[in-house]
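Me: I would like to go through this structure question by question, with the cut-offs behind each term spelled out as they come up.

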Amino acid sequence: MPNHPAFIDPLLLFAECWDIALCPMVDERFFRNRLFLPVLQMLDSVVVPDLEKSRRREDVAQAQQLTTIALQSLQAGKDMIFYPSGHVALVPREVIGNRRMAYEVCREIPDETEIILVRTTGLEDSLWSKQKTKRLCLRRKVKIECVEMTAEVKQWAKSLDRRSFNQRLEEWYNHEEGIE
């Protein structure tokens, strides 16, 4: 479960994890792009409906099924990747708010499943971000940290309510380097 500071971080993560068959959950608008579609199909990507643009009954039903789809995929042995915030960051911090999927999946995750949190830093104010202030920088220090957090995240999911769970994830993603 990575943070999502910019549009480019999923590509960097896939490049870094090239030897793992990651199964991503991807916004449906990328499936409408002829350039991305073959790659998304090859990766066995799961379509996430864009409910902000569509309120079709079948889209709402599919969005409600995403937790079930993620859990079934994990039980089938797939390595799922999804972003707890569900979107690219609009500010220099990861904000998950009241989103529910990460919480629900982690509450019911199969025992043999590892949870790896991924923190990407260095892209927050890049040309690839959604932030209003962008800095053109020809060399940029980008850091991708992958930390196995199975026990901690499962404990958070079982002992905390959804908002508190999301706050713990936000704290981890937004943690300053060297304090951990």
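Predicted model: local features only at pLDDT ≥ 70, side-chain atom pairs only at ≥ 80, totals over all residues.

Me: How many helices and strands does the protein chain have, and in what order do the elements run?
Reply: Helices (H or I, at least four residues) and strands (E, at least two) are DSSP runs, numbered from the N terminus. On that basis the protein chain has seven helices and five strands. From the N terminus on, the order of the elements is α-β-α-α-β-α-β-α-β-β-α-α.

Me: What percentage of the residues in the protein chain is buried?
Reply: Buried means under 20% relative accessible area, exposed over 50%, and partly exposed in between, with a 1.4 Å probe and protein chains only. For the 180 residues in the protein chain, the buried part comes to 41%.

Me: Which strands form the open sheet, and in what order?
Reply: Two strands pair if DSSP finds at least two bridges between them. Strand S2 (46–48) and strand S3 (79–81) are the edge strands, each pairing on one side only, and the twist averages 25 degrees from one strand to the next. The pairing is parallel, and the order of the three strands is S2-S1-S3.

Me: Why is S1 largely enclosed by the rest of the structure?
Reply: The explanation lies in the accessibility of its residues, of which S1 has six. S1 is largely enclosed because the number of its residues that are buried is five.

Me: How do helices H5 and H7 cross, and which residues make the contact?
Reply: Axes are lines fitted to C-alpha atoms, for helices over the stretch in contact, and angles run from 0 to 180 degrees between N-to-C directions. The axes of H5 (residues 101–108) and H7 (residues 162–173) come within 9 Å and cross at roughly 100 degrees, which means that H5 is roughly perpendicular to H7 (angles under 35 degrees count as roughly parallel, over 145 as roughly antiparallel, 65 to 115 as roughly perpendicular and the rest as oblique). With contact taken as heavy atoms within 4.5 Å, the residues that make it are Ala102, Tyr103 and Cys106 of H5 and Arg162, Phe165 and Leu169 of H7.

Me: At what angle do the axes of H5 and H6 cross, and which residues make their contact?
Reply: The axes of H5 and helix H6 (residues 150–159) come within 8 Å and cross at roughly 105 degrees, so H5 is roughly perpendicular to H6. The contact is made by Tyr103, Cys106 and Arg107 of H5 and by Val153, Lys154, Ala157 and Lys158 of H6.

Me: Which backbone nitrogen does the side chain of Asn3 reach?
Reply: Asn3 is found in the segment before helix H1 (9–16), and Asn3 is buried, with a relative accessible area of 4%. Not counting residues up to four places away in sequence, Asn3 touches several residues, among them Asp9, Tyr83, Glu94 and Tyr173. At 2.8 Å, the side chain of Asn3 reaches the backbone nitrogen of Thr120.

Me: Is Glu170 buried or exposed, and which backbone nitrogen lies 2.6 Å from a polar atom of its side chain?
Reply: Glu170 is found in helix H7 and counts as buried at 13% relative accessibility. Leaving aside neighbours within four places in sequence, Glu170 is in contact with Glu94, Val95, Ile96, Gly97 and Arg163.

Me: What is the phi of Asp44 near?
Reply: Asp44 is found in the loop between helix H3 (37–42) and S2, and Asp44 is partly exposed, with a relative accessible area of 39%. Its phi is positive, in a residue other than glycine, and is near 60 degrees.

Methods:
Residues numbered from 1 in each chain as written. Heavy atoms only, no water. Polar contact = N/O pair within 3.5 Å; in protein donor to acceptor, adjacent residues only side chain to side chain.
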